[in-house]
Amino acid sequence: MRESSGTGLILGIESSCDETAAAIVRSGTIALSNVVASQMSLHANYGGVVPELASREHLRNIVPVVREALSRANVTFDDLDAVAVTEGPGLAGALLVGITYAKALTFGLDKPLISVNHLEGHIHAVLMEARERGEVPMELPLLALVVSGGHTHLYLARQQPDESIWTYRNVGRTVDDAAGEAYDKVAKLLGLGYPGGPWIDALAPRGNSRAVPFTFGEIKPRINRDGSAPANKKAPTRTEGPHYDFSFSGIKTAVLRYVETHKMRESIEARRAALAHDQSLTPRSEAVIKLCDRQTLDLIASFQYAVVGNLLRQTFAAAESLGARSIAVSGGVAANSELRRRFQAEADRRGLPIAFPSLALSTDNAAMIAAAAWPKLLAGDFASEDLGATPQLRLGQQESGS
C-alpha cells in the first residue's frame, strides 16, 4: 500500500438510506466539503423510503457526488490519506452501492479503506463541530442520544487516553418504532407530508401541548407460554438492572384512536387532497396552517410534547444513573426545535454540558463518516478486502442479556 500523503484528508461516503453523500474532512475536525444528494421528493410520493428506488438513485448519484465533494474542497484523489464508507446499519442495497464504489476506489488508488458504523458517525458529527468551533472537549464519559427515523439509541461513550479508539456501551434503544418513525407515521395519519418531522415541528407551536394527555407506560417484555421471552432484533432480552429503552408504537396507536373517536377522518382526507394538489406547499406555509383546525393542531402539539418528554426523561435518567459528564444529541430528530429547547433547559438546570449538531449535520451526511474514521486512521484500523454491507450492524457493547 502506498504511504500516507500526510494531509489528514479523508473522503467520507454515506449511502445507508435515501441520501447519497460525500465529504472531505481534514483530521476529523474541518469539513472542507459536504455534498448531499437527497431523494426526499422521490420517496415522498410513497410516504416512506422504497429500498429498490433508493439503490437505483445511489447508483446514479455516487460518482457525481464524490466528484463535487473533491471539487468543492479543491483536492484530488492523490491528496487523500484514506476513504471511509458506511458499513451499516441501513438498507442492504443502498449500503452496497457506497461500499462497492469505495472498495474499487481504494483498490485503484492504493489507499486504505475505513468502515464506519452509521450510528457512530452521528455521534462524531457533534464532536467534529465542537472541535471545529475550538470548544473545550466535552467531558467523558459522554452520553449520546442518537435519534432519527430508524434509530433511537443511548450510548455511553469513552475515549482511550491516546485519543485513537472510542468505545461505546449501548444503554437504551427502541423496542419497536424509532421516534422518527413515529413522527412519519403520525404525520401520514393526519394527512401531512413526508418526512413527518418538519411538518409536526412547524405546526406544533400553533396548538395546545396539554390538550391531549398522552402517557408512556413501563416497557414490559412479552413472554412466551413456556416463560421465555421471544426474540426481538431491536431490543434483545435483558437481565435485571436499570435500562433506558424507548417505545413509540403505543403513542402512534393512541393518535389513531383519537382520530377515530373524534371523527377527524373527513378533515384529514381534505387536507391530504389539498397537499397532493399543490405540492409546492411547505410545513410553514400559511395555507398549510389554514388546512389544520384547532383540534388537529392541539393533537399535533400534544404528540410532540409527549415524545420529546419521553426522550428527555430517559436520557437524563440514564445520565444521572451512569455518571455521564456531558450529553450529545444527534440524528435527524435532533433538528427538532422543541427537543433542542427542552433538552438545553434541562441540561442547564442540571449543570450538564450538552451539544447538538448543526441542522446540516443532523440528517445523514458524509462529513460525520469521515470524522468518525479519523481515530481509526490514527489507530491503523482498516477494513478488510471482504468488507460487505451489514444492515443490522450494532454499535459497541450491548447491555447484559442482549
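Biologist: How do helix α7 and helix α10 cross, and how far apart are their axes?
Modeller: In this predicted model, the axes of α7 (residues 249-261) and α10 (residues 294-322) come within 11 Å and cross at roughly 165 degrees. Helices here are DSSP runs of H or I, at least four residues, numbered from the N terminus. Axes are lines fitted to C-alpha atoms over the stretch in contact, with angles from 0 to 180 degrees between N-to-C directions.

Biologist: Is α7 roughly parallel or antiparallel to α10?
Modeller: Roughly antiparallel, because angles over 145 degrees count that way, while those under 35 count as roughly parallel, 65 to 115 as roughly perpendicular and the rest as oblique.

Biologist: Which residues make the contact?
Modeller: From α7 you have Ile251, Val255, Tyr258 and Val259, and from α10 Gln295, Leu299, Phe303, Ala306 and Val307. Contact means heavy atoms within 4.5 Å.

Biologist: Before I go on, what are the ground rules for the model?
Modeller: Local features need pLDDT of at least 70, side-chain atom pairs count only at pLDDT 80 or more, and totals for chains, interfaces and linings use all residues. Residues are numbered from 1 along each chain as its sequence is written, and side-chain values use heavy atoms, leaving out hydrogens and water.

Biologist: OK, new pair: what about α2 and α3?
Modeller: The axes of α2 (residues 51-73) and α3 (residues 92-109) come within 9 Å and cross at roughly 30 degrees, so these two are roughly parallel. Ser55, His58, Leu59, Ile62, Val63 and Val66 in α2 meet Gly93, Ala94, Val97 and Tyr101 in α3.

Biologist: Switching to charges, how many salt bridges does the structure hold?
Modeller: There are 15. Each one is a side-chain nitrogen of Lys or Arg within 4 Å of a carboxyl oxygen of Asp or Glu.

Biologist: Which residue pairs up with Lys376?
Modeller: Glu120, with the closest N and O atoms 3.8 Å apart. Lys376 is in helix α13 (residues 367-379) and Glu120 in helix α4, so the pair ties together parts 256 residues apart in sequence.

Biologist: Is Lys376 buried or exposed?
Modeller: Buried, with a relative accessible area of 18%. The cut-offs are under 20% for buried, over 50% for exposed and partly exposed in between (1.4 Å probe, protein chains only). Glu120 is buried too, at 6%.

Biologist: And what does His124 touch?
Modeller: His124 sits in α4 (residues 118-132) and is buried at 1%. Not counting residues up to four places away in sequence, His124 touches Trp166, Tyr168, Met368, Ala371, Ala372 and Pro375.
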